[in-house]
Amino acid sequence: MTQSIENKVLEYLKHRQKGKMYFTNDFATLGTSESIRKSLSNLVKKDILIRLTQGIYLYPKIDKELGVLYPSVDDVCRAIAKRDKARIEPTGIFALHSLGLSTQIPVNVVYLTDGIPRKIKYGNRTIKFKKTAPKNLAMKGKVSSLVITALKQIGKENVSQEVELQLTKVLKKESVENVKHDAQLAPVWISKLIFQLVNNFQK
C-alpha cells in the first residue's frame with residue numbers, strides 16, 4: 001500500500017515545478033496520514049524530496065554551481081502562514097537584515113501572528129510565531145511593514161542619513177498607496193519620516 005502511495009506522490013510531483021515547498025496535507029487525497037508520512041520519508045531517503053522541518057518538504061531545484069536552492073526563512077514562514085490562513089510580520093534584527101540594514105543573520109527569528117503560536121526548527125535556526133492582536137497585523141505592504149518594524153528596532157535617535165537612503169531605495173519597491181496606508185498605522189515619528197521619504201522620491 002505504501003509503495004502505491006509513494007508512486008502517486010511521485011506522479012503528482014512530476015507535473016509540478018521544482019523548487020516548491022509542500023506540506024504533508026498537500027497529499028491528503030492520496031492516502032491515509034500514516035501512509036503519506038511513510039511515503040514522504042522514503043522519498044527523502046531517495047533524495048527526491050528534502051525535509052525542511054516537521055511536515056514541510058522541498059521538491060528541490062538544483063543549480064549547477066550553487067547546488068540545492070533552499071527557500072529563505074521568510075519564504076518558509078509565509079508558506080506556513082498561507083496554509084494556516086494567518087497573517088505574519090517579522091520583528092527586530094530579521095527586519096533589518098531583510099532590508100539590507102544589517103549583515104547580522106539572526107539565529108532566532110520571531111514573527112508576530114494572529115494564527116497559532118508555535119516554535120519550529122529550520123536548519124540551525126529557531127523560528128517562533130508569537131501571538132499578537134489583529135490590529136498589529138493590519139499593514140498592507142510587505143516592504144513598508146518591514147520598514148516600520150526596522151525603524152522601531154533602530155530607534156528615533158539612531159536613524160542616520162545612510163539608513164534613510166537605504167529605506168528610500170527599498171520603499172520604491174512598494175506601491176505608494178500601501179506605504180501611505182501603513183505609515184498611518186505606525187508611531188508618529190516613524191509615520192512622519194516615511195511620508196518625508198515618499199515625498200522626496202515623488203518629486
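Here is our chat about the terms and the values behind them.

Modeller: First, this is a predicted model, where local features need pLDDT of at least 70, side-chain atom pairs count only at pLDDT 80 or more, and totals for chains, interfaces and linings use all residues. Residues are numbered from 1 along each chain as its sequence is written, and side-chain values use heavy atoms, with hydrogens and water left out.

Biologist: Fine. How many helices and strands does the protein chain have, and what makes a helix or a strand count?

Modeller: The protein chain has eight helices and nine strands. Along its principal axes, the C-alpha trace spans about 65 × 40 × 30 Å.

Biologist: Take helix α5, then. How does its span set against the expected one?

Modeller: α5 covers residues 142-154, so 13 residues, and reaches 18 Å from its first C-alpha to its last. After α5 comes G155, whose phi is positive, near 95 degrees.

Biologist: Why is α5 called mostly covered?

Modeller: Because ten of its 13 residues are buried. Buried means under 20% relative accessible area, exposed means over 50%, and partly exposed is in between (1.4 Å probe, protein chains only). The buried ones in α5 include V143, L146, I148 and I154. For the protein chain, buried residues make up 43% of the 203 residues.

Biologist: And T24, is that buried or exposed?

Modeller: Buried, because its relative accessible area is 19%, and the cut-off is under 20%. T24 sits in the loop between β1 (20-23) and α2. Leaving aside neighbours within four places in sequence, T24 is in contact (heavy atoms within 4.5 Å) with I36, R37, L40, G55 and Y57.

Biologist: On to salt bridges. What makes K46 and E6 one?

Modeller: A salt bridge is a side-chain nitrogen of Lys or Arg within 4 Å of a carboxyl oxygen of Asp or Glu. In K46 and E6 the closest N and O atoms are 2.6 Å apart, so the pair qualifies. The pair links distant parts of the chain: K46 is in the loop between α2 (33-45) and β2 (50-53), E6 is in helix α1 (residues 2-14), and they are 40 residues apart.

Biologist: Are those two partners buried or partly exposed?

Modeller: K46 has 48% relative accessibility, so it counts as partly exposed. E6 has 2%, so E6 counts as buried.

Biologist: How many salt bridges turn up in the whole structure?

Modeller: A search finds seven. One of them joins E34 and R37, with the closest N and O atoms 3.0 Å apart. Both lie in helix α2, three residues apart, about one turn of the helix. E34, at 41%, counts as partly exposed, and so does R37, at 44%.

Biologist: What does the salt bridge of R87 and D114 tie together?

Modeller: The N to O distance there is 3.0 Å. R87 lies in the loop between α3 (73-84) and β6 (88-90), and D114 in the loop between β7 (108-113) and β8, so the pair ties together parts 27 residues apart in sequence. R87 is partly exposed at 37%, and D114 is partly exposed at 24%.

Biologist: Now the strands. How do you know that β8 and β9 pair?

Modeller: Two strands pair if DSSP finds at least two bridges between them. Five bridges join β8 (residues 118-122) to β9 (residues 125-131), so they pair, and they run antiparallel. Y122 stands opposite R125 in β9. Their hairpin has two residues between the strands, and G123 there takes a positive phi near 65 degrees.

Biologist: What about β7 and β9?

Modeller: Six bridges join them, and they run parallel. The bridge partner of Y111 in β9 is F129.

Biologist: Why are β6 and β8 called edge strands?

Modeller: The open sheet of four strands has the order β6-β7-β9-β8, with mixed pairing. β6 and β8 are its edge strands: each pairs on one side only.

Terms used: Expected span 1.5 Å × (residues − 1).
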